[in-house]
Amino acid sequence: MTGRRQRPAGLVDPPGRTPGDDPLAKAKDAALRLLAVRARSRGELERRLARRGFGDEVVAAALDRLADAGLVDDAAFAAAYAEGRAARGVDARVIASELRDRGVAPELAGRATEAAAPPEEQAERCRQVATARLAQLDGLAPEVRLRRLAGYLERRGYPAEVIAPVLADLIPRRD
């Protein structure tokens, strides 16, 4: 065994041709190397391959072959990404924006985000994130805890109208 990875079925080069003399095979191999690091959207792969000097037609053909083999799937990528970010306490608005920045179609980003972080659960998710973070702020003055927790929730993408009632319940104010 040479230590070289096997290609997934359906991605073999035509007989007598090596990646060295075929731009399509080179683009496909470059995309496979990128996918070996982490899952990527089609848009991300298109941008990265274009930066490496591959033409639009070659990139499209290579990514079509990878999509046919099930290795490039924006719906699966968006769902997994949204689930992961939601599990880390990030709000739906931020998740959808990040997916669009990664080249996922807005409709697909919206569907994946809504499935991972349903709007009707936003306040409860905010409360869970705040409760977990609050445990890390023990020992600080109530005003400092309030300020730091509010900033943390804002950076996670929660709107002020959701944050305010959560903070009022978790950190009693002294008047």
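Is R93 buried or exposed? R93 is exposed, with a relative accessible area of 52%. The model considered here is predicted. This briefing concerns its charged residues: the structure holds eight salt bridges, and a patch of positive charge lies on the surface.

**The salt bridge of R93**
- R93 forms a salt bridge with D91, and their closest N and O atoms are 3.8 Å apart.
- D91 counts as buried because its relative accessibility is 1%, under the 20% limit for that class.
- R93 counts as exposed because its relative accessible area of 52% is over the 50% limit.

**A network around R38**
- R38, E44 and R102 are linked in a network of salt bridges.
- Within the pair R38 and E44, the closest N and O atoms lie 2.9 Å apart.
- R38 is partly exposed, with a relative accessible area of 34%.
- E44, in contrast, is buried, with a relative accessible area of 8%.

- R42 and E46 form a salt bridge in which the closest N and O atoms are 3.3 Å apart.
- These two residues are four residues apart in helix α2, so about one helical turn separates R42 from E46.
- E46 is partly exposed, its relative accessible area being 35%.

**The positive surface patch**
- R33, R47, R51 and R52 gather in this patch of positive charge.
- One of them, R51, is placed in helix α2, which covers residues 42-51.
- R51 counts as exposed because its relative accessibility is 65%.

Conventions. Residues numbered from 1 in each chain as written. Predicted model: local features only at pLDDT ≥ 70, side-chain atom pairs only at ≥ 80, totals over all residues. Heavy atoms only, no water. Patch = residues over 30% accessible without salt bridge, like charges linked within 9 Å, V, L, I, M, F, W, Y side chains within 5 Å. Areas by Shrake-Rupley, 256 points an atom, 1.4 Å probe, with all protein chains shown as cover. Salt bridge = Lys/Arg side-chain N within 4 Å of Asp/Glu carboxyl O. Lys, Arg positive; Asp, Glu negative; His and termini not counted. Charge placed at Lys NZ, Arg CZ, Asp CG, Glu CD. Buried < 20%, exposed > 50% of the residue type's maximum accessible area, 1.4 Å probe, protein only.
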